[in-house]
Amino acid sequence: MTSRQLSKFAARAGFWLLVALIVVIAVFPFYYAIKTSFTPSSDLFRVELWPTRATLANYVQIFSQRSFLQAIFNSVLVATSVVFIALLLGITASYALGRVRFRGRTSVLLIILGVSMFPQVAVLSGLFEVIRALNLYNNPGGLILSYTIFTLPFTVWVLTTFMRQLPLELEEAAIMDGATPWVTITKVFLPLMWPAMATTGLLAFIAAWNEFLFALTFTLTDSQRTVPVAIALLSGGSAYELPWAPIMAASVVVTVPLVVLVIIFQRRIVSGLTAGAVKG
Amino acid sequence: MASVTLDKINKVFGSTHIIKDVDLAIGEGEFVVFVGPSGCGKSTLLRLIAGLESITDGELSIGNQVVNELPPRERGVGMVFQSYALYPHMTVYENMAFGLKLAKTAKETVHERVMATARILQLEELLERKPKALSGGQRQRVAMGRAMAREPRILLFDEPLSNLDASLRVQMRNEIARLHKRLGSTMVYVTHDQVEAMTLADKIVVLNGGRVEQVGSPQELYQRPATKFVAGFIGSPTMNFLPARLIGADATGCRVGATGLSELTLPQDASGHAQGEELTLGIRPEHLRLTQAQGSEGFEIVNVEYLGNEVYVYLEPKEGETLLIQRGEAPTAWRVGQRVTLVPDPEHVHLFDAGGQALSVTAARAVA
């Protein structure tokens, strides 16, 4: 083996070693969470990479709690409502901001971007007052409202950028065919904006699904809580025991829908959907 | 089918005045081509007729109806876009049916019309395809089909062939010409390509800087351009322009001198112009003859282009930068570096005044 081949081999080996290292660092916490979820509570603090006595007891335990099932239902309700409302408002707003020429369009866009810069804690007390005034305290409606407020700027920005990329002649062709703006949006733009909608919708869903601070602040009773809060408030046999194993089992359960959603929609997130619209 | 009348149409975008007092009458079933350099306002004028832009001032009528305030769908116009702008997620059939469905046409009628349009444009095989599975020429035909399916009174084309390659362009040009003969509908066509304009039009409208320079049949524009701009724009290779002086004028014509040429007696009426006035002499390449010059007289040949059926001879001008062109039959004996004198055909010489307006032929000569 010449020295040139040797150095080439070393470079390749180094590269793959680095890849392996990055993968381990990224994946290990998740692996350990899954592993812990199958470990009986008594074995929790024995350091091992593979559960020697795997059990489903933790899963049985969390699913036997009514409040946890209720929390999952609440999370699904809140997250899907947020996605639906954010996309509906986002699409219509992006049409106005991306396609209609009006005075102050840039300022509106900048304000929208500015709003999304505020940290959640900064608006927490103000938002709390708003939600109480609207009589939405301890109600999924309050969470839907507050999550939508935080998701919408991002949704509008992404969809506006995407809307601007759609050829102007496409809209004009629709106008010549007698389409109203609403028909143009729903029949012409919407089918072309699937990739952007899948991306933003998915991110909105993840944000709403995982949100903790608002969910903790704006709900009071077990029946109104969402999953992240419910997991955090899982209690063990006594005040001195933190039930790690059931917490990990619950975390795995609520992560699975997200993974499934990403896998379903990743095929939608493909470019080239507008291919064939313009040019030869 | 309908006529279109433009009466003092103006369009202002912010502080730019794009269309200036355009008057135009388009007859029923006519094929009218708007032609001009880029930025002359030809596309804007088409979009004003379509209703995609609002008219700042003036009156636009289709048929006998003033349509200034009507939205595009109520004007009864169909438009073919430069980039085709087909709906990429719909099949060819759905693309053509879209407008009809929006107009709440009965299902059977929609089917009937789409099929009839598809038959005319030979799209029957492609009805289930998506635009991305079509070739450039096929997309072009679908775009025309979509515009035609609603049976509009006027069909508008916005540079429809500029995305196609040269051979396909010639083929589609023919198809459009035959389509117009078969349908007999009023068509307005925008292009910057004067060959398309000459071959397709019943009537050409030459636009320059938002104004109509001249309206006329291809023959009229070629043989009797009203302005120097039209003379230079129509025809390929372009007309030669030479600075000239007026020597004298009478009832039957005038005498003109130009550097490097012998004195010419022309049929143009120059009675309104002073002796010695600067004029521009225009002569098309095919109306020039070359003869051998003596010594350092005449013009030097700087290039000879052999095109098979004809030859372009390029000559160094006495003044200015633009080379003079002579077009003759192939083969030719002229070689680069030879000196020649130009012999124009007086019947085909054009004269333009300082403002670019053509001098018309005297009454005495026009009759003869």
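A residue counts as buried if 20 or more other C-beta atoms lie within 10 Å of its own, as exposed if 12 or fewer do, and as partly exposed in between; the C-beta atoms are placed from the backbone. This is a predicted model, in which local features need pLDDT of at least 70, side-chain atom pairs count only at pLDDT 80 or more, and totals for chains, interfaces and linings use all residues. Residues are numbered from 1 along each chain as its sequence is written, while chains are lettered from A and ligands numbered from 1 in the order in which they are written.

Start with a loop of chain A. Asn138(A) lies between α5 and α6. Helices (H or I, at least four residues) and strands (E, at least two) are DSSP runs, numbered from the N terminus. Asn138(A) is partly exposed, because 16 other C-beta atoms lie within 10 Å. Its phi is near 55°, a positive value in a residue other than glycine. Asn135(A) sits in the loop between α5 (120-133) and α6 of chain A. Asn135(A) is not a glycine, yet has a positive phi of about 65°. It counts as exposed, because it has 9 C-beta neighbours inside 10 Å. Most residues other than glycine have a negative phi, and most peptide bonds are trans.

Now follow α6 itself. The axes of helix α3 (residues 66-99) and helix α6 (residues 140-165) of chain A come within 6 Å and cross at roughly 35°. Axes are lines fitted to C-alpha atoms, for helices over the stretch in contact, and angles run from 0 to 180 degrees between N-to-C directions. The contact of α3(A) with α6(A) has 19 nonpolar, nine polar and two charged residues. Here Ala, Val, Leu, Ile, Met, Phe, Trp, Tyr, Cys and Pro count as nonpolar, Asp, Glu, Lys and Arg as charged, and the others, Gly among them, as polar.

Next comes the meeting of the chains. In all, 21 residues of chain A are in contact with 25 residues of chain B (C-beta atoms, placed from the backbone, within 7 Å). On the side of chain A that touches chain B, α7(A) gives the largest share, six residues. That side divides into 13 nonpolar, four polar and four charged residues.

Chain B has two cis bonds to visit. One runs from Ser236(B) to Pro237(B), with omega near -5°. Pro237(B) lies in the loop between α9 (228-233) and β11 (240-250). Another joins Ala330(B) and Pro331(B), with omega about -5°. Pro331(B) is in the loop between β18 (324-329) and β19 (339-344).

Notes
Two residues are in contact if their C-beta atoms, placed from the backbone, lie within 7 Å.
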